[in-house]
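Please look through the sequence and the model shown here.

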Amino acid sequence: MRPNGSVLAEALSDLGASLGFSALALEIARTGEAFWVGLFAALGYLTLGPLLFLSPWVERRGLARTLLGLRLARGLLFLPLPFLPRQAALLVLYAYPLMILTDLAIVAWEGLLVRRDRANLAEKSGKLYAAWEVGGLVGTGLGPALFALHPALPYCLSAGILLLAWTLLRPALMGEEEGKKEEAKPESWGRALRRLLLYTPLRPYLLASLLFTLSHALTTALLGLLVLRGGTPEALFGLVFTLQSLGYTLGSYLAGRVPPALVFKLAPLGAALGGMGLLLPFPFLLATPPLLGLAVALLSTHLRAVRGWLLPREGLAPSLAVIRALLYGAGALGGLGAGVLGMGDPALPLLLGALGFLALLPLTLGPFHPKRLEVMRRKVE
């Protein structure tokens, strides 16, 4: 697997997908139908069922082969969008399989990275996620602008870019021999869930990942409301999210160059400070979204790497799907909790999220102790 070609392909892939999804979000919002607008925003969490039930198929068919098929299918599915009736319900339902294809491809990608190079997971997965962040950042801004020029333009361009990305990804994965390990009998997601929950070495890192995801959701769910309350001009509203995305991109890209022990000592503090900094008035709060994004990306990448070190070699796709489902559940709980708690004071969920980040710091004395992390890393080299 040639990493440079695959990273470029994935940057283009997320650019194409975000072009289409951002235009779709605009179209659905223009209908004014609140139910379907809200359902579209929650679609990502509703992929949990298909993600769990289809993950054994991903493993059985082969990770590289399935990844190529998923990427091709997503590109082709964007082609009919300009010709569909412009009804909110139909557009939302049509977007659902696109979301499923996206999430299944992430499982396949993470499985490939774990299977091929566990020792360098932070670096390899960090660069991949950074490519997705860059593509998504550009595409999200361009989609609505292209839609204003012509309603069909973002969808046609999206499909074209996605198919171009597929042609670049295909040779990057050519010769990717899955080996006999992938020919093993696939494991059901239910069995994978039971094994992961009962696997003692993984348990503290899985719990830490759930706490991290819950904290991140609490911190960022009401970000737009807090930003406006801080006096940010509406014309600069998007700048806050752009700065946060830049922090995510930088943190993901640099994660492989920062030792895990340093990340787990400093990143929780950085995430807590970045989150609480959103309570500052404009323009001072503009300094905090990049810090929050940077710290969160570093933590996320290294937590993903530590989990990857401990995952079994068989049943890899179902295990990764189960972990992603659990993390989605924590994120959904955090988002809903922030909505309820924020009715009284929008700052309350943010402060709880910051406390959640800080709760990760004592783990540096146990599960995230430098010596323990180094022992685990050496075992997979």
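Rings of Phe, Tyr and Trp (its six-membered ring) count as a pair if their centres lie within 6.5 Å; planes under 30 degrees apart are called stacked, over 60 edge-to-face and the rest tilted. By this rule Y205, F264 and F368 form one aromatic cluster.

This is a predicted model, in which local features need pLDDT of at least 70 and side-chain atom pairs count only at pLDDT 80 or more, while totals for chains, interfaces and linings use all residues. Residues are numbered from 1 along each chain as its sequence is written, and side-chain values use heavy atoms, with hydrogens and water left out.

The structure holds six aromatic pairs. One of them, F264 with F368, is stacked, at 4.0 Å centre to centre and with 15° between the planes. The pair links distant parts of the chain: F264 is in helix α12 (residues 260-276), F368 is in the loop between α15 (347-358) and α16 (370-379), and the two are 104 residues apart. Both F264 and F368 are buried. Buried here means under 20% relative accessible area, exposed means over 50%, and partly exposed lies in between (1.4 Å probe, protein chains only).

Helix α12 also holds A271. How buried is A271? Its relative accessible area is 1%. A271 touches L292, A295, V296 and F357, leaving aside residues up to four places away in sequence; a contact means heavy atoms within 4.5 Å. For V296, 25 residues from A271 along the chain, the C-alpha atoms of the two are separated by 6.1 Å.

Now the whole chain. Its secondary structure comes to 16 helices and zero strands, where helices (H or I, at least four residues) and strands (E, at least two) are DSSP runs numbered from the N terminus. The radius of gyration of the chain is 20 Å, close to the 21 Å that the globule rule gives for 381 residues, so the chain is as compact as a globular protein of that length. That radius is taken over C-alpha atoms, and the rule is 2.2 Å times the number of residues to the power 0.38. Along its principal axes the C-alpha trace spans about 55 × 45 × 35 Å.

Of the 381 residues in the chain, 51% are buried. Among contacts with a separation of 6 or more, 86% are between residues 24 or more positions apart.
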